[in-house]
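Visitor: Hi, I'm new to this one. Could you put it up and walk me through it?
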Amino acid sequence: IVLALAQRYGGKIHAMFQGVYKERPRNLNQHAEKLVQVLNGYYQIHVENPAIRDVWAGAATDKETQALTREEAANNMQFHMELAAPYFPPESHSELFRTLMLLMQYGVSSALLALDVAGDEASRVLKTAERMIMDCWWPFVLANAYPEFIDKDCME
C-alpha cells in the first residue's frame, strides 16, 4: 500500500515538473524562474496532499520505496541536466550536476520546512529559500555558462 501511495504521489510530482517545463526555458533566466516554480509546486503538492509526508515517512525504511525514490530523483536530475547542459561548456557539466542536485535538495528541504511553520511564515520561508537558491545559482551561472544565454538585464 505504501509503495502504491508513493508511486501515486511521485506521479503528482512528475506531473508538476512536466507542467512547469511544458514550455522549455530558452535561456538561463527562464531556467532560474522554473527552478523557483518547481520549489513552489513541490510545496503546493504537499499542502494539497497532507498525507504525502506520512507516506514518505512510512516509506523511509522500505527498501522498494527507497529504490523508487532514488530512481525518481535520478530521473529528475537527468531531466534538469538535459535542460541546462546546452547552456554550459562540457567541462563544467560535472559541477553543474552537483550544483543542480544540491539546489534541488535544498528546495525540497525548504518546502518541507515551510510546511512545519504556521501562517504567513510559510510564505516567508519559501521567499527566503527562493532568494538563497538564486544566490547560489547565479554565481555559478555567471562563472560557467555561455554568456549568450544570460540576460543580465533580467537578473534578480
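This is a predicted model: local features need pLDDT of at least 70, side-chain atom pairs count only at pLDDT 80 or more; totals for chains, interfaces and linings use all residues.

Visitor: Okay, rings to begin with. How many aromatic pairs are there?
Guide: The count comes to 6 aromatic pairs. Tyr 87, Tyr 146 and Phe 149 form one aromatic cluster.

Visitor: What about helix H6, what span should its 25 residues have?
Guide: Helix H6 runs over residues 120-144, and at 1.5 Å a residue it should span 36 Å. The C-alpha atoms at its ends are 36 Å apart, so the two agree.

Visitor: Which residues of H6 are buried?
Guide: Among them are Ala 122, Leu 126, Ile 133, Met 134, Trp 137, Trp 138 and Phe 140. Glu 130 is on that list too.

Visitor: And what covers them?
Guide: The cover for the buried residues of H6 includes helix H2 (28-48) and H5.

Visitor: Back to Glu 130. Which residue does its side chain meet in a salt bridge?
Guide: Lys 127, at 3.4 Å from N to O. Both lie in helix H6, 3 residues apart, which is about one turn of the helix.

Visitor: Which residue does Glu 23 pair with?
Guide: Arg 26, with the closest N and O atoms 3.1 Å apart. Arg 26 is exposed, at 55% relative accessibility, while Glu 23 is partly exposed at 49%.

Visitor: New topic: where is Ser 92?
Guide: Ser 92 is in the loop between helix H4 (63-84) and helix H5 (93-116).

Visitor: Why does Ser 92 count as buried?
Guide: Because its relative accessible area is 7%, and the cut-off for buried is under 20%. Setting aside residues up to four places away in sequence, Ser 92 touches Phe 140 and Asn 144.

Visitor: Last one. What does Phe 79 contact?
Guide: Leaving out neighbours within four places in sequence, Phe 79 is in contact with Phe 17, Gln 18, Tyr 21 and Arg 24. Phe 79 is found in helix H4 and counts as buried at 14% relative accessibility.

Key:
Residues are numbered from 1 along each chain as its sequence is written. Side-chain values use heavy atoms; hydrogens and water are left out. Rings of Phe, Tyr and Trp (its six-membered ring) pair if their centres lie within 6.5 Å; planes under 30 degrees apart count as stacked, over 60 as edge-to-face and the rest as tilted. Helices (H or I, at least four residues) and strands (E, at least two) are DSSP runs, numbered from the N terminus. Buried means under 20% relative accessible area, exposed over 50%, partly exposed in between (1.4 Å probe, protein chains only). Contact means heavy atoms within 4.5 Å. The expected span of a helix is 1.5 Å times one less than its number of residues. A salt bridge is a side-chain nitrogen of Lys or Arg within 4 Å of a carboxyl oxygen of Asp or Glu.
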